[in-house]
Amino acid sequence: MARGKIQIKRIENTTNRQVTYSKRRNGLFKKANELTVLCDAKVSIIMFSSTGKLHEYISPSNSTKQFFDQYQMTVGTDLWSSNYENMQENLKDLKEVNRNLRKEIRQRVGECLEDLNIEELTLLEDDMDKAAKVVRERKYKVITNQIDTQRKKMNNEKEVQNRLLRDLDARAEDPRYGLVDNGGDYDSVIGFSNLGPRMFALTLQPSHPNPHSAPGSDLTTYPLLF
């Protein structure tokens, strides 16, 4: 049975429209490729979907630039002149913006102030004050964070010290352990705490050493942080 003719009009259903576009696009590109191979033709197809997506086909032996250059030479027109003029205008505007920004930067460091009137100088001063305020707030925030970090480190060190001291006191109360007399006294060691953090080694030995153990093997050394 022969296929019925499809009425050529816009497909209202979005899904059907996208499916039809995809199928017919692929078929068109396939025909363009066959034309290129069979007839040694140079073919270029540029398509934009309803969503603005670009699809293009160019003969493998050509590039897009070569194709348009040949088109310009054949037709006798210049496709790039208007675009080049627009680019030149855009470049001119960008140079002006760059020039103004450089001048503003020099003014902010105290240069190129001769051409400014009193109102412009006042505005510049206000801008500098606002910028200095932002920098100052950022600086204070960084300093505050550093102080908080150091305070946490000090608290952690104090906690470690207190834990070691509690452990030392618990062992000192144990009758199995005693302090080794190294010729100093405990008060003289504690006196160093006012001079800043110090690390000391305190050695404990059992009050009733094991007679079968090697000399010095029963000694236990604890670091103390003052």
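The model is predicted, and the values below are computed from it. A search of the whole structure finds eight salt bridges, and among them are the pairs Glu96 with Arg99, Arg151 with Asp148, and Arg171 with Asp167. The second largest pocket, for its part, holds about 220 Å³ of space.

**The second largest pocket**

- The lining of the second largest pocket includes Ile6, Gln7, Ile8, Lys9, Arg10 and Ile11, and Arg17, Thr20, Tyr21 and Arg24 also belong to this lining.
- By residue class, the lining of the second largest pocket divides into four nonpolar, two polar and four charged residues.
- Tyr21 is one of the lining residues, and Tyr counts as nonpolar in this division.

- The side chains of Glu96 and Arg99 form a salt bridge, with a distance of 2.3 Å from N to O.
- Both Glu96 and Arg99 belong to helix H3, which covers residues 81-108, and they are three residues apart, or about one turn of the helix.
- Glu96 has a relative accessibility of 38% and therefore counts as partly exposed, and Arg99, at 46%, likewise counts as partly exposed.

- Arg151 and Asp148 are joined by a salt bridge in which the closest N and O atoms are 3.1 Å apart.
- Because Arg151 and Asp148 are three residues apart in helix H4 (residues 118-173), about one helical turn separates them.
- Arg151 is partly exposed, its relative accessible area being 45%, while Asp148, with a relative accessibility of 30%, also counts as partly exposed.
- A further salt bridge links Arg171 with Asp167, and here the closest N and O atoms are 3.8 Å apart, a distance that meets the criterion because a salt bridge requires the nitrogen to be within 4 Å of the carboxyl oxygen.
- Since Arg171 and Asp167 are four residues apart in helix H4, they are separated by about one helical turn.
- Arg171 has a relative accessible area of 26% and is partly exposed; this class applies because buried means under 20%.
- Asp167, with a relative accessible area of 31%, is partly exposed.

How values were computed: Residues are numbered from 1 along each chain as its sequence is written. This is a predicted model: local features need pLDDT of at least 70, side-chain atom pairs count only at pLDDT 80 or more; totals for chains, interfaces and linings use all residues. Side-chain values use heavy atoms; hydrogens and water are left out. On a 1 Å grid over the protein atoms alone, a cavity is a set of points where a 1.4 Å probe fits but cannot get out, and a pocket is an open set with protein on both sides within 12 Å along at least five of seven lines; lining residues have an atom within 4 Å of a point. Grid points are joined across faces, edges and corners, and a volume is the space filled by probe spheres set on the points. Helices (H or I, at least four residues) and strands (E, at least two) are DSSP runs, numbered from the N terminus. Buried means under 20% relative accessible area, exposed over 50%, partly exposed in between (1.4 Å probe, protein chains only).
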